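Let's take a walk through this fold, one piece of packing at a time.

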Amino acid sequence: MTEQDGAGVRQDEVRQDEDRPVDPVVDAGAPDELAFDVDALPGGALGALEAVLMVADEPIPAVRLATALALPTERVEALLDELAADYRGEHGGRPRGFELRRAGEGWRIYSASAYGDVVGRFVVDGQTARLTQAALETLAVVAYRQPVTRGQVSAVRGVNVDGVMRTLSARGLVAEVGTEPTSGAVLYGTTGYFLERMGLSSLDELPPLAPYLPDLEAVEGVDTTDGREVGP
């Protein structure tokens, strides 16, 4: 074989490599980073998935779990559904004291809601700061009427909510989502952390409380006075 022929072979190899279908997981280099096959571990891929979920301190999207395990996202989603059903006792075992469920855009393991009273007795009073009744009422107005300004929330509740809104913002439950076009007042909405704490996947799962709150049209103009709220 001549040097030119050798070059031709190499060029053909390059062309074949370029024509190779791209696998997002494989081409991302994930398998090369793992010195083992998750299916070969004790418990297989299910066990590996459980191990990752157990150290997660926030809901983890399926695509991120797939990257960590070097598995296709579709398979990881199927494994997540299988684990969730297993924890509920649907595969013949006993229901577990914990459950795997969607929260926001990801998945996380939580203590099962059926054991809420037992867990509540274990938790020391005051260990977790609780929201006041005023904060809960304010948060409800934001959740059901978002995007909403502080002035509009104050009008609905009948009291000034500036301090409470700052508390909710500091807790990561509400955040600025824009400005009101007419008055320039800051608009607020709930966050992904709010969904996580409520155990919801989306705002559509909120209980039907909204009909009992006044429409925002009824409180128009509250942000256009001399003391209007235009910022934090």
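Predicted model: local features only at pLDDT ≥ 70, side-chain atom pairs only at ≥ 80, totals over all residues.

A handy way in is helix packing: two packed helices are described by the angle between their axes and the distance between the axes. Start with helix α4, residues 44-54, and helix α6, residues 73-87, whose axes sit 10 Å apart at an angle of about 80 degrees. Since angles of 65 to 115 degrees count as roughly perpendicular, that makes α4 roughly perpendicular to α6. On the α4 side, the residues that make the contact are Ala45, Leu46, Leu49, Glu50 and Leu53, and they meet Arg75, Val76, Leu79, Leu80, Glu82, Leu83 and Tyr87 of α6. Sort the residues of this contact by class and you get nine nonpolar and three charged ones, with no polar residue.

Strand β1, residues 98-103, pairs with β2 in the antiparallel sense, and six bridges join the two. How enclosed is strand β2? Five of the six residues in β2 (residues 106-111) are buried, so the rest of the structure largely encloses this strand.

Next, pick out Val142, which you'll find in helix α8, residues 133-145. Its relative accessible area is 0%, and because buried means under 20%, Val142 counts as buried. What surrounds Val142, once its neighbours within four places in sequence are left aside? The contacts are Val148, Val153, Met165, Val174, Tyr188, Gly189 and Thr190. Take Tyr188 as one of them: it is 46 residues from Val142 in sequence, yet the C-alpha atoms of the two are 7.1 Å apart in space.

Val142 also takes part in a helix-helix contact. Ala134, Ala135, Thr138, Leu139 and Val142 of α8 meet Val164, Met165 and Leu168 of α10. Seven residues of this contact are nonpolar and one is polar, while none is charged. As for the geometry, the axes of α8 and α10 (residues 162-170) cross at roughly 80 degrees and come within 10 Å. That makes α8 roughly perpendicular to α10.

Stay with α10 for a moment. Its buried residues are Val164, Met165 and Leu168. Looking down the helix axis, you'll see that the buried residues of α10 fall within an arc of 100 degrees, so they line one face of the helix. They pack against α8, and also against α9 (150-157), β4 (174-179) and β5 (186-190). After α10 comes Gly172, with a positive phi near 80 degrees.

Three strands make up an open sheet in the order β3-β5-β4, and the pairing is antiparallel. The edges are taken by β3 (148-149) and β4, each with a single partner strand, so one side of each has no neighbour in the sheet. Between β3 and β5 there are two bridges, again antiparallel.

Technical notes: Residues numbered from 1 in each chain as written. Heavy atoms only, no water. Axes fitted to C-alpha atoms, helices over the stretch in contact; angles between N-to-C directions. Helix = DSSP H or I, 4+ residues; strand = E, 2+ residues; numbered from the N terminus. Parallel < 35°, antiparallel > 145°, perpendicular 65-115°, else oblique. Contact = heavy atoms within 4.5 Å. Nonpolar A, V, L, I, M, F, W, Y, C, P; charged D, E, K, R; others polar. Buried < 20%, exposed > 50% of the residue type's maximum accessible area, 1.4 Å probe, protein only. Pairing = 2+ DSSP bridges. Arc of directions from axis to C-beta.
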